[in-house]
Amino acid sequence: MKFAFSEISLPKRGSLAVAIYADNAFSPTAEDVDKKTGGALTRALETSRFKGKKGDFLEIMAPNGLEVSRVILFGLGEVEKLGQTDMETLGGSLVKRLNTSGARSVTVILDELNADEIKTNEAAASVAAGAMMGSYRFQKYKTDIDDAKEPTLTRMTVSCKGSATARKAFADQEALVEGVFLTRDLVSEPANTLYPQSFADRCLELTDMGVHVEILDEAKMERLGMGALLGVGQGSRRDSRMVIMQWNGATGKKANRKPLAFVGKGVCFDTGGISLKPGPGMEEMKWDMGGAGTVTGLMKALAGRKAKVNVVGVIGLVENMPDGNAQRPGDIVTSMSGQTIEILNTDAEGRLVLADALWYTQDRFKPEFMVDLATLTGAIIIALGHENAGLFSNSDELSEQIFEAGKAVGEGVWRFPLSDAYAKQTKSPIADLQNIGTGGRGAGSIVAAEFLQKFVNDVPWVHLDIAGMAWSKADKPTVPKGGTGYGVRLLDKFVRDNYEGK
Ligand code: BES
Ligand code: ZN
Ligand code: ZN
């Protein structure tokens, strides 16, 4: 889909989307359209339940007096309260309604909103960004495409005053959405095509955008002592990899600043290993690389919009398989940190991958902070469902910054406690650590986070458990079902608001 911006004027063709405010108050353009159509809007509203609320839509086909093929009324509710996510939702909802309707183009007109939170031309950019996000489809494996059901909408024009500013704001957001799309693509890709080396190859493509990409193979990781990560991958026919992506966008005095670090769990498929998972639903474990997918999409977004920061993304890529060579329950491995780990359940593998990825990252880069993302525990879904990611941290300041960024972009996080009492549960009687807690099913997500913290020294750190967020079974206006791309917009906002230009 193509996006354009223009000053306000009624289009000569295609569809026209016009705003109605709370209690069916007409926007200036609605007023104009109503007059030109001899009161078609007024009459349509009289016979409908449309009340001008956010999320209300009403279509009027081929109205007399206008050249457009249809007018779509959209409710905005109380305009002064509108924010970025409302406008994105509007864009996504419009695409959903029009995409397969036969409409080829739509012009969305936004009169001056006077909203407290958002300028009208920024709102226009957000409508387009939301539409772009909502138009995403993962269709590469469909060969039986039914033309009658294919999208018809190819163009959206958003009209507002100061459209040049909207166009510029959208260019930035477009780069961000391209990052979200990469994450969705990676997460949706099945494990027979997306495995550690092929994932690493996808990362290499970011080189063209100025990202410096290194790939560590198993021999290199062995030399570095990454026994925790390598143990997870040893049952797979696919060799493990670690990918290090660096974007050095900081300039002038900030050019030599310590990088911000993002670390991702990239389990390309999680069978559970010898502690095999039950069969039903196991196909979902193709997206157990969601954390790594988010880190990769974030790197693309930051490079795409040429963010003025130094960032490093590190992802640990493995496949967790049962095999004659697979790791056994009871095995003891030595991590890069030197700490030994007794493996009591081979299905608690994400923390083993992150243990070496986190240690390597802080050891090599001495970063400003580390944020890791992982589809780490089923328990986080029991606690938070699919509405928020779990946040665990040793830093109140970072936690607050990420919480605020999440609120702003509609990708929520909720903080959980950490303490020595939980940490104690990770002590093994015969090794330094064990990979599951002694407390049975209690506090599974927290104990997992405590395990990770054993591989974090003094550096400020946040762990985001995104097991409930990386995949969606429900269509939402800006997030079609499948891989969600959760976290890319959250962390882009977090970086933008707190570390760029400062
Ligand atoms: N990849 C899973 C966690 C997961 C579950 C992600 C459901 C997405 C949806 C993880 O590796 C795992 O298996 N965790 C175990 C830990 C347990 C063995 C301590 C779990 O959550 O059951
Ligand atoms: Zn597992
Ligand atoms: Zn897993």
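For sorting residues by class, Ala, Val, Leu, Ile, Met, Phe, Trp, Tyr, Cys and Pro count as nonpolar, Asp, Glu, Lys and Arg as charged, and the others, Gly among them, as polar. The model here is predicted, so to speak, from the start: local features need pLDDT of at least 70, side-chain atom pairs count only at pLDDT 80 or more, and totals for chains, interfaces and linings use all residues. Residues are numbered from 1 along each chain as its sequence is written, and side-chain values use heavy atoms, with hydrogens and water left out.

Start with the inside. A nonpolar core is a set of buried Ala, Val, Leu, Ile, Met, Phe, Trp, Tyr and Cys residues joined through side-chain atoms within 4.5 Å, where buried means under 20% relative accessible area (1.4 Å probe, protein chains only). The largest such core holds 50 residues, and Phe 199, Met 245, Phe 262, Leu 464, Leu 491 and Phe 494 have the most contacts inside it. Its top contributor is helix α9 (residues 290–304), with six residues; helices are DSSP runs of H or I, at least four residues, numbered from the N terminus. A second, separate core has 41 residues, among them Phe 3 and Leu 110.

Phe 494 belongs to helix α15, where it is one of the buried residues. Leaving aside residues up to four places away in sequence, Phe 494 touches Phe 262, Phe 369, Val 371, Leu 398, Gln 401, Ile 402, Ala 405 and Tyr 499, contact being heavy atoms within 4.5 Å. Nine of the 12 residues of α15 are buried, so to say mostly covered. The helix runs over residues 488–499 and reaches 16 Å from first C-alpha to last, close to the expected 16 Å, which is 1.5 Å times one less than its number of residues. Just after α15, Gly 501 takes a positive phi of about 65°.

On a 1 Å grid over the protein atoms alone, a cavity is a set of points where a 1.4 Å probe fits but cannot get out, while a pocket is an open set with protein on both sides within 12 Å along at least five of seven lines; lining residues have an atom within 4 Å of a point. Volume is the space filled by probe spheres set on the points, which are joined across faces, edges and corners. The largest cavity has about 30 Å³, and its lining splits into five nonpolar, five polar and no charged residues. The second largest pocket has about 560 Å³, and its lining divides into 10 nonpolar, five polar and 11 charged residues. Helix α15 is one of the helices that supply at least two residues of that pocket's lining.

Notes
Chains are lettered from A and ligands numbered from 1 in the order in which they are written.
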